[in-house]
Amino acid sequence: MADVDYQHLEARLGRALLAQRLKIQTHHVARLFGSGKVWFHIEHIRLLHRIIRNLLKAAGLYWRGHRNALTVQVNSDDLPCPDLPEAFAGFRLLHISDTHIDANPELLDILIRLIEPLEYDVCVFTGDFREGTFEDYEMPVRRMLELHRHIKTKTYAILGNHDAIEMVPALETGGIRLLLNEHVMLEHGGSSICLAGVDDPHYYETDNLDKALEGVPENDFKILLAHSPEICRKAAFAGINLYLCGHTHAGQICLPGGRPLLTNSKCPREFHAGLWRFEEMTGYTSRGAGTSSVAVRFNCPPEITVHTLRCK
Ligand SMILES: [Fe+2]
């Protein structure tokens with residue numbers, strides 16, 4: 001993989017936040033300071049993954065859970081956006097989150113097959129391309145770029161708590177534009193809206209909404225990509241109209257009825273999955289396309305989603 005230009009990343013993310021991310025990315029520092037917004041991170045306790053995997057195998061449930069994890073649903077929904085410019089009514093976003101693309105070797109082909117027939121105007125990834133948090137990132141980048149070759153539109157993305165900042169140059173060379181506390185303007189039908197993205201607000205806590213919205217007029221319609229729903233309150237008060245995120249996997253292993261055992265996020269339950277509303281802001285938390293820690297799902301199918309924006 002090509003050398004990483006840290007100066008360029010610093011100019012985009014901000015000096016203090018890049019330093020924070022790089023320090024926490026270093027394993028021993030992560031153990032001391034990388035607890036993020038919750039005190040318990042199941043994904044960092046490898047022994048626990050093995051125990052859960054073995055318990056599920058002993059109970060004869062593992063392979064059923066693994067099949068569930070690969071049965072990705074293609075959802076489509078209408079997102080009510082009261083202040084949306086009329087030209088964007090009917091605009092479609094393909095939303096893919098939490099692929100953890102190296103966790104399940106079969107997932108890449110499944111996703112390629114599923115996205116092939118879909119129609120959409122722009123694609124957004126809301127982070128967690130990689131399974132491990134401190135391992136090699138070259139293979140997940142290669143697989144994400146292979147997936148991206150089958151996406152027909154421009155693609156924007158943010159990093160999640162599993163991703164390394166060093167993945168940015170390679171992903172961008174392959175055509176996936178990362179938003180590192182940055183925004184772009186989307187043009188459609190003679191009108192424009194803002195698409196902003198913040199760096200991971202959960203584990204690295206390197207999100208900077210002010211920087212992401214720098215120069216965006218107050219009354220412009222604003223979509224925010226954030227890895228987790230945990231900054232929804234801050235985003236609503238900053239004038240975000242639509243908030244797209246993932247991270248929770250909606251629990252991944254849930255009780256019948258979809259009640260999660262663990263969501264690894266610090267925010268009220270209604271923000272953990274699907275469509276929600278906070279103040280004037282519409283939000284959607286993807287259940288994610290992949291799995292982390294243990295490659296199973298129960299009562300919580302994986303998804304990719306085509307959101308259609310509606311004025312009402
Ligand atoms: Fe994830």
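Visitor: At its relative accessibility, does Asp121 count as buried or partly exposed, and what is the figure?

Guide: Asp121 counts as partly exposed because its relative accessibility is 27%; buried means under 20% relative accessible area, exposed over 50%, and partly exposed in between (1.4 Å probe, protein chains only). This is a predicted model, in which local features need pLDDT of at least 70, side-chain atom pairs count only at pLDDT 80 or more, and totals for chains, interfaces and linings use all residues. Residues are numbered from 1 along each chain as its sequence is written, and side-chain values use heavy atoms, with hydrogens and water left out.

Visitor: Which side chain does Asp121 meet in a salt bridge?

Guide: A salt bridge is a side-chain nitrogen of Lys or Arg within 4 Å of a carboxyl oxygen of Asp or Glu. Asp121 meets Arg92 in this way, at 3.3 Å from N to O. The pair links distant parts of the chain, 29 residues apart, with Asp121 in the loop between H6 and S3 and Arg92 in strand S2; helices (H or I, at least four residues) and strands (E, at least two) are DSSP runs, numbered from the N terminus. Arg92 also counts as partly exposed, because its relative accessibility is 27%.

Visitor: How do S2 and S3 run, and how many bridges join them?

Guide: Two strands pair if DSSP finds at least two bridges between them. Here S2 and S3 run parallel and are joined by four bridges, and Leu93 stands opposite Val122 in S3.

Visitor: Which way do the side chains of S3 point?

Guide: In a regular strand the side chains alternate between the two faces of the sheet. From S3, Val122 and Val124 point one way while Cys123 and Phe125 point the other, and all of these are buried.

Visitor: Which residues are the protein donors of the iron ion?

Guide: Donors are N, O and S atoms within 2.8 Å of the metal (3.2 Å for Na, K and Ca), and sites may look incomplete because water is not among the atoms. The protein donors of the iron ion are Asp98 (OD), His100 (NE2), Asp128 (OD) and His249 (NE2), at 2.1 to 2.3 Å from the ion. Asp98 lies in the loop between strand S2 (92-96) and helix H6 (107-115), and Asp128 in the loop between strand S3 (122-125) and helix H7 (138-148), so the pair ties together parts that are 30 residues apart in sequence. With a relative accessibility of 0%, Asp98 counts as buried, and Asp128, with a relative accessible area of 2%, is buried too.
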